[in-house]
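I opened the model and kept notes on what I looked up. The entries follow in the order in which I made them.

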Amino acid sequence: MGKFKENVIQPLIDCWSLIVGLKITGKYFCKPLVTVHYPRQVIDDENLETYGGHVELIGKPKDPATPKCISCMMCVTNCPSKCLTVVKSKPPKLTAEEEAAMKAAEEAGEKVSKPKAPKNPAKFLYDYSLCSLCGTCIENCPAKSLKFSNNIYWVATSRKEMKIDLLARLKEQATELSAPVPKTEAVSAAAEKEA
Amino acid sequence: MNAFLSNLIPLIIAAVAAMIWLGLNALVWVYCERKFAGHIQRRPGPFEVGPHGVLQPLIDGLKLMGKQLLTPDNADAVLYWLAPLLSMLPVLLLFLPIPYGPVLIGMDVNLALLLILAFSSFNGLAVILAGWASNNKWGVLGAARAVSQTVAYEIPLLLTVLTVSFMTGSLSLLDITHMQDGHIGNWFIWKQPLAFIIFIIAMFGETNRAPFDLAEAESELTAGFHTEYSSMGFGLFFMAEYGYMVVMCSVCSVLFLGGFNGPFPGIEGWWWMLIKTYALLTLMVWARWTFPRVRFDQLLNINWKWLLPLATANLLATALIMKL
Ligand code: SF4
Ligand code: SF4
């Protein structure tokens, strides 16, 4: 009896799943399209937010042109593709007078602290052509200074162009933010839906 | 001689009309299928060429024709090029005995059903030749699958067709249509629901359509039997596939859905035939974009364990009832 149920009744019941499948695709057939007709429409901001493009730096809240990065090298050591290059800043060179003043103070028995190097990186290079977008660098950054950009329209025609100076990019973004947003001709998909 | 000529001329006209009809159908259905697929996946489908991409199939056809015809090294050139022709030419013949209206029929033969079944199995032969002559292991595997598939699915198809011809006592599609004259209740789908379902499933198997497209199986066999074909070699197979789809759906609508009869008396016409055929074609496309491809053993299991016994039982029951 068990065999009969397994071999005859069950397949007949399973046939119902075919109808269910057709119902599901039929429902999707009637739903509105979600694909954006790219050159005529652009992606709306809401959908851009969930897009994970290349890695980029996050600026300090008060000073958006400098990254939160503390040059700890965690991202560089953890990157499996070795596409990040961080160069630490050197301590500022002392002028001759300052050096002399320091020496004098030291001889007088005072405690002198040499000027420390700024924590911000001097260089932050990134090779997008190698990046596998694994997100390891982002997860490991103790300063939470990295994120995926939502730069969806970025195109390059050579490998060279894919090497990005992230510090320069951050500066650009900071100045762009303060500048008025340029008006684009293309209509966003959301706006068109409303119209 | 004169009688011969007067028979021949309408036949030639019908053949040319069938050719145009086949070409048009292929164009329209390639487009419709892509649009359907797009909408099921909530994307627009072809969109750029012409308004809503209507010129896309035409341009695709031009592109196909513009490509180079290649014969692979060590392939059997004669068989290799015979295969696409063998796949395409019988389809033209298949359109002749299909009644699109009481008069709109290429050739009313008494053995129409037999003719269609006989010539539609040419597709299997063409697929086998194509795979075998290509000198390519995917081609051979695709061909091997095609043999076991088309041969297997031919049998239940034949048995279900037989049930209908048992009921009508005729093999002429026109006669079968006229037996269903009148209102929707006379259609054979009500008298033979099981045969209808088996026919639909076997139709998928016969025409190599997803979920039974195992001869082609682009994920396992690259493209199966037509891996090596370029340009119109592939184009002919492609056209033939759509041709067979249209023929099978037309036959199905004649056998079970009353052919050119409308659902109510007095409104019959060729448009009913078209509506029914296209509804069935829509179902085929819909199924293709819904169901995943079956495994090969599953395909054969469905046929030998389910379709064949059911079709046989159905045939015997019909015969018994007709005798009583
Ligand atoms: S996302 Fe992965 S591969 Fe890319 S830079 Fe970060 S760690 Fe390296
Ligand atoms: S892990 Fe973060 S803080 Fe450390 S170097 Fe990389 S970006 Fe800077």
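Which residues does A:Asn120 touch, not counting residues up to four places away in sequence? I found A:Lys60, A:Thr66, A:Pro67, A:Cys69, A:Ser71 and A:Ser89. Contact here means heavy atoms within 4.5 Å.

Before going on, I noted the conventions. This is a predicted model, in which local features need pLDDT of at least 70 and side-chain atom pairs count only at pLDDT 80 or more, while totals for chains, interfaces and linings use all residues. Residues are numbered from 1 along each chain as its sequence is written, chains are lettered from A and ligands numbered from 1 in the order in which they are written, and side-chain values use heavy atoms, with hydrogens and water left out.

I placed A:Asn120 in the loop between α4 (96–107) and β4 (121–127) of chain A. Helices (H or I, at least four residues) and strands (E, at least two) are DSSP runs, numbered from the N terminus. A:Asn120 has a relative accessible area of 19%, so it is buried. The cut-offs are under 20% for buried, over 50% for exposed and in between for partly exposed, with a 1.4 Å probe and protein chains only.

I then looked up the partners of β4(A). It pairs with strand β3 (residues 84–88) of chain A in the antiparallel sense, over five bridges; two strands pair if DSSP finds at least two bridges between them. In this pairing I noted A:Val87 opposite A:Lys123 of β4(A). Strand β6 (residues 163–165) of chain A also runs antiparallel to β4(A), joined by three bridges. There A:Asp127 has A:Lys163 in β6(A) as its bridge partner.

**Chain A as a whole**

I counted seven helices and seven strands in chain A. Along the sequence the pattern reads α-β-α-β-α-β-α-β-α-β-β-α-β-α. The chain has 195 residues, of which 25% count as buried. Taking contacts between residues at least 6 apart in sequence, I noted that 77% join residues at least 24 apart.

I also checked A:Glu99, which is in helix α4 of chain A. Its relative accessible area is 46%, so it is partly exposed. A:Glu99 and A:Lys114 are 15 residues apart along the chain, and their C-alpha atoms are separated by 9.8 Å.

**The two ligands**

A residue is near a molecule if one of its heavy atoms lies within 4 Å of it. Ala, Val, Leu, Ile, Met, Phe, Trp, Tyr, Cys and Pro count as nonpolar, Asp, Glu, Lys and Arg as charged, and the others, Gly among them, as polar.

For ligand 2 the shell divides into eleven nonpolar, one polar and no charged residues. The residues around ligand 2 include A:Cys69, A:Ser71, A:Cys72, A:Met73, A:Cys75, A:Phe124 and A:Cys141. A:Cys69 and A:Ser71 were already in my list of contacts of A:Asn120.

**Two positive phi values**

Most residues other than glycine have a negative phi. A:Met73 is not a glycine, yet its phi is positive, about 75°. I found A:Met73 in the loop between β2 (55–57) and α3 (74–78) of chain A. It is partly exposed, because its relative accessible area is 23%.

B:Arg42 also has a positive phi, about 60°, and is not a glycine. It lies in the loop between α1 (2–40) and α2 (56–66) of chain B. With a relative accessible area of 19%, B:Arg42 is buried.

**Two further residues of chain B**

Is B:Ile98 buried or exposed? Its relative accessible area is 1%, so B:Ile98 is buried. I placed B:Ile98 in the loop between α3 (77–95) and α4 (112–120) of chain B. Leaving aside neighbours within four places in sequence, B:Ile98 is in contact with B:Leu104, B:Ile105, B:Ile116, B:Leu173, B:Val247, B:Ser250 and B:Met273. From B:Ile98 to B:Leu157, 59 residues apart in sequence, I noted 17 Å between C-alpha atoms.

My last entry is B:Leu141, in helix α6 (residues 137–168) of chain B. B:Leu141 is partly exposed, since its relative accessible area is 47%.
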